[in-house]
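The sequence and coordinates are shown next.

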Amino acid sequence: MPEGKARTQAPFDYFRIAFFLAALTAIRAIAFPADIWQGDYSRHANELIFGFMLVQLFGFMLKALPRWVGRPILAPPLIRLFLAVQAIAFLLGLHDLALGAQLRSIIGLAAVTALSVTAIRARAIMAFPLLALAAAHAGTGIIAAFDLWPGATMLGFCLILAICFEVGNRIFPMVIDSGRTRDGRPSRPLPAGWISLTQRISSLLTLLLWAFDLPYALAAAIAGISGMAWLILLAPWHAFKYGGVRFMSFAMLSKRVGFLLLSIQAMPGSTMPLAVPQHVLAIGGLASLAVAIATSMVRKRNGQSFQRSFLGTATYLCLAGALALRVGYAIYPEHGQGLLHAAQAFWLAGFGGYAVLVLRRRNTPNCSH
């Protein structure tokens, strides 16, 4: 019997702990402003950009980088140390948000540095762009945590968007192709290289221009249009019946729509509030994509790839609802705080579900694969 258990139960995965800490950070960033913000609501954005996404990205790299590098990326004791200090930083933030952010940002940069050393030694070239962007994001987080430059929050937002989009553009085609082949359909060729390159360069250019308050309307329009063409050519609807694919497609679509809205908002005479494209990109293209990718990884680890679950569907719908309500408030603020409070409730429910999803395991023989 013990031998049977050994075959069916895998050790608890460290990336799950990182995703769980990220979920708690996202919940705190929305749930308790009156208790911990001390009147400074700018910290709300920093908690999501440099808190939720920093720990979320660390969890992703713990799972993905060993495959890219071809070897274990960090020694287990070092992983446990990084996660323990991040947990301490979270708890410290309940008492003093600024101190918690400072500790979190320092240990975040240390973690990226440790990951980079292994990748460089292994000459894992495909991991270098992600690690370079992650290091820039973590370093910007330190600047923001110590209030060294007011523009750090915006730069960090653009950097983490760039990271999430790069990861999504790499993973999404593989997910869709896997779903398609499960139905016996032939593999579909990737979109033409020039379309992929155009949407990649224009997206990064838009974010760079936006971060430094330079004209970005044309670049954003090109990013949105080329990205939409790229998405259509992948034909994600071929795999919609599989668990998580619709929500990942929603997140990828939100990115393209966000860029199109950003270009419209930047046009002379536009009355669209910046908060509209900002939240489409932040909630739809960033938070939703991060959750979609993470839950896909958890499903695969559980031996449940593409399987639907009620909790997963409810989680995704809550995050989509949070986006719709937050955009509604940005367009119609005269309707009062009702839309904002409803968006808050959907956000909390969504990330509450996400916290449960990443900790749930299935003891099957596939768990070790």
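## Model and nonpolar core

The structure is a predicted model. Its largest nonpolar core holds 109 residues. Within that core, F52, F58, F60, M61, W210, W347 and F351 touch the most other members.

F58 can be followed in detail. Leaving out residues up to four places away in sequence, F58 touches A18, L74, F82, L83, A111 and L115. One of these partners, F82, also takes part in the contact of α5 with α6, and so does A111 on the α6 side.

## Helices α5 and α6

Two packed helices are described by the angle between their axes and the distance between the axes. Helix α5 spans residues 76-95 and helix α6 spans residues 97-121. Their axes come within 7 Å and cross at roughly 165°. An angle over 145 degrees counts as roughly antiparallel, so α5 is roughly antiparallel to α6. The handedness of the α5 and α6 crossing is left-handed.

On the α5 side, the contact is made by L78, F82, V85, Q86, I88, A89, L92, G93 and H95. These meet L97, L99, G100, L103, R104, I107, G108, A110, A111 and A114 in α6. Sorted by class, the residues of this contact are 13 nonpolar, five polar and one charged.

## Helices α8 and α11

Helix α8 (residues 152-182) and helix α11 (residues 245-265) have axes that come within 11 Å and cross at roughly 140°. That angle makes α8 oblique to α11. The crossing in which α8 passes α11 is left-handed.

From α8, the residues in the contact are F165, G168, N169, F172, V175 and I176. Their counterparts in α11 are V245, M248, S249, M252, K255, R256 and F259. The contact of α8 with α11 comprises eight nonpolar, three polar and two charged residues.

## Helices α11 and α13

Helix α11 also packs against helix α13 (residues 310-331), at an angle of about 25° and with the axes 10 Å apart. An angle under 35 degrees counts as roughly parallel, so α11 is roughly parallel to α13. This crossing of α11 and α13 is left-handed.

F247, F250 and S254 represent α11 in the contact, and Y316, L319, A320 and L323 represent α13. The class count for α11 with α13 is six nonpolar, one polar and no charged residues.

## Loop residues

Which residues other than glycine have a positive phi? D213 is one of them, with a phi of about 55°. D213 sits in the loop between α9 (193-211) and α10 (217-234). Its relative accessibility is 70%, and since exposed means over 50%, D213 counts as exposed.

F306 is another residue other than glycine with a positive phi, near 70°. F306 belongs to the loop between α12 (275-301) and α13. Its relative accessibility is 15%, so F306 counts as buried. G303 lies in the loop between α12 and α13 as well, and is partly exposed with a relative accessible area of 23%. Between G303 and A342 there are 39 residues of sequence separation and 35 Å in space, C-alpha to C-alpha.

A31 is part of helix α2 (residues 14-31). Is A31 buried, exposed or partly exposed? With a relative accessible area of 25%, A31 is partly exposed, because that class lies between the limits of 20% and 50%. A31 and A345 are 314 residues apart in sequence, while their C-alpha atoms are 8.6 Å apart.

L48 is in helix α4 (residues 42-69). Its relative accessible area is 16%, so L48 is buried. Apart from neighbours within four places in sequence, L48 is in contact with A26, A29, M53 and W347. Of these partners, W347 is among the residues that touch the most other members of the largest nonpolar core. L48 and V358 are 310 residues apart along the chain, with their C-alpha atoms separated by 18 Å.

Methods:
Residues are numbered from 1 along each chain as its sequence is written. This is a predicted model: local features need pLDDT of at least 70, side-chain atom pairs count only at pLDDT 80 or more; totals for chains, interfaces and linings use all residues. Side-chain values use heavy atoms; hydrogens and water are left out. A nonpolar core is a set of buried Ala, Val, Leu, Ile, Met, Phe, Trp, Tyr and Cys residues joined through side-chain atoms within 4.5 Å. Buried means under 20% relative accessible area, exposed over 50%, partly exposed in between (1.4 Å probe, protein chains only). Contact means heavy atoms within 4.5 Å. Axes are lines fitted to C-alpha atoms, for helices over the stretch in contact, and angles run from 0 to 180 degrees between N-to-C directions. Helices (H or I, at least four residues) and strands (E, at least two) are DSSP runs, numbered from the N terminus. Angles under 35 degrees count as roughly parallel, over 145 as roughly antiparallel, 65 to 115 as roughly perpendicular and the rest as oblique. A crossing is left-handed if the near helix is turned anticlockwise from the far one by less than a right angle, and right-handed if clockwise. Ala, Val, Leu, Ile, Met, Phe, Trp, Tyr, Cys and Pro count as nonpolar, Asp, Glu, Lys and Arg as charged, and the others, Gly among them, as polar.
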